[in-house]
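Here is a short briefing to read alongside the model. Please keep the sequence and the structure in view as you go.

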Amino acid sequence: MEQFDTAILGAGAAGLFCAGSILSALPHGKSQRIAILDHAKAPGEKIRISGGGRCNFTNLATAPDRFLSSNPRFCASALAGFGPGDFVALVDRAGIAWHEKALGQLFCDGSARQVIDMLLHRMRGTELRLETRVESVEPAGEGFCLRTSRGDLSARQVVVATGGKSIPKMGATGIGYEIAARFGLDLVEPRPGLVPLTFAQQDLDLCRPLAGLSVDADIGHSVRRQRAQFRDGLLFTHRGLSGPAILQISSFWRPGEEIVIDLAPDSDLAAGLRDLRGQGGRIGVASALARWLPGRLAEAICTDLNLAGARLADQSNAALDRLAQRVQGWVLRPVGTEGWRTAEVTVGGVDTRGLESRSMQAKTVPGLYFIGEVVDVTGWLGGYNFQWAWASAHAAAQAIAAR
């Protein structure tokens with residue numbers, strides 16, 4: 001049986017970064033034999049497709065309150081130990097040009113492949129074994145025995161970086177959860193996150209004719225003593241609503257709950273409509289509303305409220321208040337999500353109560369670590385989940401190098 005010091009399960013962002021970080025953290029003159037195992041044909045596939053192929057590799061606004069978890073403060077230690085600036089320094093040293101987009105998101109100027117190449121360069125000297133399926137991990141003496149599709153191996157430490165269940169066409173599986181359960185760790189039920197929501201027929205009747213239309217919107221959600229609110233793009237599609245704002249709120253939403261959409265944020269729409277009525281009421285209601293909304297959307301809302309062709313002069317204050325409420329307090333009850341097929345991340349995962357926050361090691365299983373998306377820590381849209389991958393991998397690597 002082949003023997004390794006550390007076996008890392010998963011050649012995604014967290015796994016690749018952990019391997020290189022262990023090597024970087026080892027004391028001078030020390031070495032480790034490290035294996036990275038993955039059933040995929042190529043490493044870093046989610047990195048490759050992220051950010052439209054340019055990889056939104058971190059977010060400058062990273063803070064614990066940008067992450068969902070049943071234990072919201074768990075991520076603070078790892079994030080403090082390795083922040084966005086630390087990863088940017090690595091990117092700069094690798095000569096990768098980058099730029100900042102809205103809301104602190106950082107992207108490569110060129111290809112996401114540059115980030116993968118950087119990670120592979122950092123882990124030179126380790127053994128990357130692709131197309132190798134991990135079938136089980138069992139305790140063995142002071143370490144572990146791993147049964148794989150290409151034979152068995154042993155390791156003193158095992159790092160589970162297998163990701164979640166999102167984007168199954170990229171090869172996502174539940175093996176990380178199975179390993180956690182095998183060693184007695186609890187799970188927070190995984191569910192799709194950063195995923196388009198689906199809607200009932202009456203809502204689709206409004207959305208479908210507007211497919212392709214995008215507006216800036218404020219989306220709120222308030223249940224279970226939590227308040228989530230996002231200002232970002234909202235996209236009408238033939239399946240309902242999508243876009244960054246919907247993806248953000250989807251991570252918080254649960255079946256049966258409502259969301260509230262403001263299609264004209266930063267406006268007092270009712271007052272504005274009354275002012276226009278006073279200036280000259282011959283204007284149509286839809287034309288007036290189009291001063292705040294795209295024309296097609298204004299027409300669709302007026303039709304929905306039986307105001308198609310109506311004049312602004314004929315509307316009472318109460319009627320204008322109802323119209324403004326429909327635009328700025330549009331209450332929707334989604335019927336579901338598009339599921340794992342289109343989910344960008346997994347919400348939930350290995351319960352953090354069973355992990356040490358400074359090292360990501362299982363409290364009851366020395367030498368067993370969980371990092372990245374497999375853990376019950378999920379970031380907002382916009383580079384936060386990559387930063388969690390880097391930070392949690394760094395925390396585990398520091399602990400492994402010091403063992």
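In this predicted model, 10 of the 13 residues of helix α1 are buried, so α1 is largely enclosed by the rest of the structure.

**Helix α1**
- The buried set consists of Ala13, Ala14, Gly15, Leu16, Phe17, Cys18, Ala19, Gly20, Ser21 and Ile22.

**Strand β2 and its partners**
- Strand β2 spans residues 34–37, with Ile34 and Ile36 pointing one way and Ala35 and Leu37 the other.
- All four of these side-by-side residues, Ile34, Ala35, Ile36 and Leu37, are buried.
- Strand β1 (residues 2–9) pairs with β2 in the parallel sense, over 4 bridges, and Thr6 stands opposite Ile34.
- Strand β7 (residues 127–129) also pairs with β2 in the parallel sense, here over 3 bridges, and Glu127 is the bridge partner of Ala35.

**Helices α9 and α12**
- Helix α9 (residues 269–279) packs with helix α12 (residues 317–328) at an angle of about 135 degrees, and their axes lie 8 Å apart.
- That angle makes α9 oblique to α12.
- The crossing of α9 and α12 is right-handed.

Note on methods: Residues numbered from 1 in each chain as written. Predicted model: local features only at pLDDT ≥ 70, side-chain atom pairs only at ≥ 80, totals over all residues. Heavy atoms only, no water. Buried < 20%, exposed > 50% of the residue type's maximum accessible area, 1.4 Å probe, protein only. Helix = DSSP H or I, 4+ residues; strand = E, 2+ residues; numbered from the N terminus. Pairing = 2+ DSSP bridges. Axes fitted to C-alpha atoms, helices over the stretch in contact; angles between N-to-C directions. Parallel < 35°, antiparallel > 145°, perpendicular 65-115°, else oblique. Left-handed = near helix turned anticlockwise from the far one by under 90°.
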